[in-house]
Amino acid sequence: MTTRPLHTLLLVLSCVVSASNGFAQYGAPDGEWHTWGGDAGFTRYSPLNQITATNVTELQVAWRWQALPLGNRPDSNMKSTPLMVDGVLYVPTGEHQVVALDPGSGQELWRYTPPPHDAPPRGLSLGSRSLAVWQSQNQRQTRIFHNTLDGRLLSIDARTGLADADFGDGGVIDLREGLYPDGSDADSVGSSSPAAVVGDMVVVQVVGRITAANTTATPGHIRAYDVRTGQLRWRFNTIPQPGETGHESWHGDAWSYTGNAGVWSMMSVDPETGYIYLPVEAASNDFYGGHRPGNNLFAQSLVCLDGRTGELVWYYQLTHHGLWDYDPPSAPILGDVTVNGRPIKTVTQLTKQGLSFVFDRETGEPVWPIEERPVPQSEVPGELSSLTQPFPSRPEPYLSLGFHEDDLIDFTPALRQEALAIAGQYVTGPLYTPPTPVREGGTQGTWVNPGYQGGSNWNGGAFDPETGHMYVPLRKAPMIASLGEADAAQTDWRYLRGRSIFIQGPQGLPIMRPPWSLVTATDMNRGQHVWSTNIGPAPASVQSHPSLQGLDLDFDSMGYPMIRPSPLLTSELLFLAEAGHLSGDPGGPMFRAYDKQSGEVVAEIELPSKASGAPMTYWYQGHQYIVIAVATAEHPAELVALALPSAPRHWSADREPAVIEIRSQQRQAATEPELSSEEEEQGRQLFARYCVSCHGDDGNGVSGGTAPGLGSQTEVESVTAMIRRGGVEMPALESQLTDGEIELLAEYVVTRLAGR
C-alpha cells in the first residue's frame, strides 16, 4: 500500500491498454459516462482497464477546473458528477448553470446560464448531483436536461450550449406549474437529483419542503415530458388519488393534504423494457404519522412504471407508515444474476437500514423471501404505527439492527460505562422502535440504528456485471428520532420532528464499536457477503485521544467515522474517495483503490481537498481519466481529473484559484453584527445544543462528516432562513426555537464561526 501526495508522484511510462469495445450488457458504454451511475441501471461500473492494480499508484492530476461561485460566495459543497457524452464533459455548477468541458484539459467549451427565476431559495446544503442526456436515434440531436434546485427543467443543446427554443418556454419548464392532479400549482419545489430519460420521454422528480410547516404539504408526483416539445405526456401520483391503486392505504382524507412522497434520489431505467424504477421517499412528516393513518402507499416504496406511458407495473413498500426517515436513499441498481441455476434480471434497492431488497425487475417478485415481522408499536397519542415491517432473508443485513449493548464502544471499562449512560438517555429497542417525545428530566427521544443518514445513503453501491458482485459503502452511526409538541398557534401538526443528530459517544469518541465506516462485497448470485473491510483509519482525534493511549489498538482498521463515499468500479479496481475533513488526519482526503476480489487496499492517493461528489471515469484520446468533485469551506469546489503520467497534463501547482478571491472580497464587504458577551454565550449554547454534532465546535464540520462548513456564511438573513427551513440532513428549527433564539444563533454563526 502506497501513500503519497499527487504532486510528488513519480512520472513513469505506463503500459497503455486500449479501451475495449467488447462491453457487457451493463456498465458505462463505449468508454463514456451517461448518467450519475454511468449507465441507465446505475451500476457505477466501467470495463476500462488502463488503470490497473499495478499502475494505480502512478495516478497524478491531469487537470483541475474551478466550479462557478454561488452568487458572491464560492461553492463549498459541490456534489456534481459530470457526464461524458460524445467526447465532451457536462456538469451542473454554480446557480443552476451547466458547463461543457474538454475531457482532456478541463477547458470550458461553453456555459449555459438560465434566465432569472422567482422561486424561493432552497436549502444551503443542497447540491445538484448530475444531469440527464437524450440523443435522437440518428444521434444528430443531443439534449442535456437539468432538473434544478429551484424547480425548473432546462433543455440545452449539447453542441451549442444554447437553450432548446422548441422545448417548453424557451427551453424551460417551471415544475411548480400543474404539479397537483387537478392542475393547480405548487408554491415551491426543487430537486438535487437528475431527471431520467426513457426513449423520447424525460421523467422528472420533485420534492417540496423537507419539513412541511403544516399537515397540508406539497406532494412529489412524477411527470414525464416530451423531450422535443416539453409537452406533458404522463403523470404518476405518488400519493394515489381516488380510484387509483393504493388509495385505500390512506385512511380518511389523508391523501388529499399529505405531502412529500417524492423521489429524492436518482431513478434507474431498463432500456430493454422501458421500465423506470422510483425510490419514493416518506410522506410528511418523517417522525409523526398521526395525521396520515394507514400504510401510505407509495411512500417509502420501490415503484416500477412503464416509462413510456406512466402505467404502474409493480411496487413493493419497503417501510410501512414510515416514522424514521428511512427513505430509499439511492438509485435502484439493475443487474443480471444466476440464482440456483436460474438467470434473473434483478433490481436491488439498498436502504438506510442496512438492508438490501432484491427483486425480479420485470415482475416485482422477491428473489429471496421477504418476511413481515412484528415490530414495536408507538405509544404517542394519535399515532397508529404499522404492526409489521418487511425483512429480506438475503442478503443478510449489512449492519447490526436496532440497539444492542455489545455494539457500544468498549476500549476500556470506563468508556463502556459512559456509553451505557449515554444510551440510557434514549428509548432503545429493536429496529423500528418508534420515535418518542423529548421528556424533561427523562428520555431524549428514540435511539435509531442504523441512523437515517445510513447505513447506505445517496452514495449507493456499485454492481459488477462480470461477477455479479455488489459493493456497498456503509457507516455505523446511530441517530435520535425525537418528537416535540407543536404550538397550535403556529402549525396544525400535533407533533413535529425534533432534533435530528448523531448520538455522540463518551469524551468525544464515537459511541459504536469500530469499524465506523466499511465497504462490503456481496455475491448477488448467492445473496451472501464475500468480504468486508474498513474505509480508512481512525481520525487523528481518535488516535491521539488521552483515554486510548497505551492500549495497543489497531487504529488502521477502525474506519473514518460517518463518511459515505460513492463507489466506482472498473475492470480490476474498486475506488472510494474518503471524505476526510481535518487537515493532518491520517488518510485526510484520500482516494483509495481496492482489489475488488479481496478488499485489500492497493493504493492511497491524496486529493487536493475533501471529496464532495461521486467519481466517474472515461476514455479520451487514448487515456483513461477519473474525475471527482472536491470541496470544503476552506477549499472552494473544483473538479479534479486523475490520469496516468502518459496523459497530457494541464495543471500547475502554483495556479491560485480565482474563486478564493471572491470569497475574501465577500467577507470584507459583509456587515458584522455585534454581540454582547452575554449574547455570544447564549449563541454558543444554542449552537452546542442544536448544531455542533454535525458542524463541529468550530463550524468546520466533524471528522469525516458531510455537513458543509460554515466558513462562507456571511449574511445573517441567509443563515436565519437556513435554520428555519432546514436542509437535506438538517431539521428545521422553526418549531423548537423562538424568533429571537434563531436570530441569535444566526448572528453567532456569522460573527464567531465564519472565519472572519
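Helices (H or I, at least four residues) and strands (E, at least two) are DSSP runs, numbered from the N terminus. The expected span of a helix is 1.5 Å times one less than its number of residues. This is a predicted model, where local features need pLDDT of at least 70 and side-chain atom pairs count only at pLDDT 80 or more, while totals for chains, interfaces and linings use all residues. Residues are numbered from 1 along each chain as its sequence is written, and side-chain values use heavy atoms, with hydrogens and water left out.

Q: How do you know that the length of helix α7 (residues 739-753) agrees with its number of residues?
A: The 15 residues of α7 should span 21 Å at 1.5 Å a residue, and the end C-alpha atoms are 20 Å apart, so the two values agree.

Q: Why is S265 called buried?
A: Buried means under 20% relative accessible area, exposed over 50%, and partly exposed in between (1.4 Å probe, protein chains only). S265 has a relative accessible area of 0%, so the word buried applies. The residue sits in the loop between β14 (232-236) and β15 (268-270).

Q: What makes the pair of S265 and A331 a polar contact?
A: A polar contact is a pair of N or O atoms within 3.5 Å; within protein, one must be able to donate a hydrogen and the other to accept it, and residues adjacent in sequence count only if both atoms are side-chain atoms. Here a polar atom of the S265 side chain lies 3.4 Å from the backbone nitrogen of A331.

Q: Which residues does S265 touch, leaving aside those up to four places away in sequence?
A: With contact meaning heavy atoms within 4.5 Å, S265 touches R129, S193, Q205, P279, P329, S330 and A331.

Q: What makes β2 (residues 60-66) and β38 (residues 638-643) a pair?
A: Two strands pair if DSSP finds at least two bridges between them. β2 and β38 have six, in the antiparallel sense, and W65 stands opposite L639 of β38.

Q: What makes a set of residues a nonpolar core, and how many residues has the largest one?
A: A nonpolar core is a set of buried Ala, Val, Leu, Ile, Met, Phe, Trp, Tyr and Cys residues joined through side-chain atoms within 4.5 Å. The largest has 47 residues, and W65 and L639 are among those with the most contacts inside it. Its largest share, six residues, comes from strand β37 (residues 623-630). A second, separate core of 36 residues includes W314 and Y316.
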